[in-house]
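Below are my notes on this model, as numbered points.

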Amino acid sequence: MKVRAREIAVIGMMLGLSLMLEVMPIEMPTIWGMKIDLVAVPIVMVYLLTGFTGGLIALFLLFVGLSIISPSSWLGASMKATATLAVLIGLEIAKRTTRFDIENASTNRIVLFAIVGFLAGIAIRIPLMVALNYYYALPIWLGVPREAVISTVEKWTGVPFWIAIGLPNAVQSAIDVFVGLAATLPVLRSLPHLLE
């Protein structure tokens, strides 16, 4: 696996943007700790511009960066990275099943890719985040035993646990996929040599 200088530059710029978005107050916090934000959008852009390997490298570096600068420390960084990994896997599934080529895609192909990527991503992300929040993150974050996680979250939110976790993750996935794609397409139209 060889990473070209252009890919390193794209990864570095987008990582810097992601970390900047983490410290900017452009977010909507949930009651139990998750933030709906734009932090993963540049990582999705890296995936679209450099491919799956570049996306994974950027995602690992995002985890390291968020572990250092985020108020939610390594715990929040691990959840953001895992959730974003589900988005990238969903996009990769969509790319392979729809034979999507961002360089030569019509509007219909772009819409199909985005919808399939979003649906595949949430099919992975929501069950994964429900499980990780129950078994791992919320017992640590809330300081309650695992047996009390569901009742605590349901008491705070007034909805079933899986909806309290799943709905914000679905919204976050929609932002990651659709805003990421919408931000990448103009860049590629202006700078098509990025994919060479």
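1. A residue is called buried when its relative accessible area is under 20%, exposed when that area is over 50%, and partly exposed in between (1.4 Å probe, protein chains only). The model is predicted: local features need pLDDT of at least 70, side-chain atom pairs count only at pLDDT 80 or more, and totals for chains, interfaces and linings use all residues. Residues are numbered from 1 along each chain as its sequence is written, and side-chain values use heavy atoms, with hydrogens and water left out.

2. Salt bridges. Side chains of opposite charge can pair when their charged atoms come close. A salt bridge here is a side-chain nitrogen of Lys or Arg within 4 Å of a carboxyl oxygen of Asp or Glu. The whole structure holds five of them.

3. Glu22 and Lys35. These two side chains form a salt bridge, with N to O at 2.9 Å. Glu22 belongs to helix H1 and Lys35 to strand S2 (residues 35–37), so the bridge ties together parts that are 13 residues apart in sequence. Helices (H or I, at least four residues) and strands (E, at least two) are DSSP runs, numbered from the N terminus. Glu22 counts as buried because its relative accessibility is 8%, while Lys35, at 21%, counts as partly exposed.

4. Arg125 and Asp176. What parts of the chain does this pair tie together? The side chains of Asp176 and Arg125 meet in a salt bridge at 3.4 Å, N to O. Asp176 sits in helix H7 (residues 161–190) and Arg125 in helix H5 (residues 107–142), so the pair ties together parts that are 51 residues apart in sequence. Asp176 is buried, with a relative accessible area of 0%, and Arg125 is also buried, at 2%.

5. Glu92 and Arg96. The closest N and O atoms of this salt bridge are 2.8 Å apart. Both residues lie in helix H4 (residues 73–98), four residues apart, which is about one turn of the helix. Leaving aside its neighbours within four places in sequence, Glu92 is in contact (heavy atoms within 4.5 Å) with Tyr47 and Phe52.

6. Lys80. This residue is also found in helix H4. Lys80 is buried, with a relative accessible area of 12%. Apart from neighbours within four places in sequence, Lys80 has contacts with Lys35, Asp37, Val39, Leu62, Leu66 and Gln172. The C-alpha atoms of Lys80 and Ala40 are separated by 8.0 Å, though the two residues are 40 apart along the chain.

7. Nonpolar patch. Met20, Val23, Phe60, Leu61, Val64, Ile68 and Ile69 make a nonpolar surface patch of about 650 Å². Helix H1 (5–23) and helix H3 (52–69) are the elements that give two or more residues to this patch. H3 supplies the largest share, five residues. Patches are made of residues with over 30% relative accessible area and no salt bridge; like charges are joined within 9 Å, and nonpolar side chains (Val, Leu, Ile, Met, Phe, Trp, Tyr) within 5 Å. Accessible areas come from the Shrake-Rupley method with a 1.4 Å probe, and for residues only the protein chains shown count as cover. Leu61, in helix H3, counts as partly exposed because its relative accessibility is 33%.
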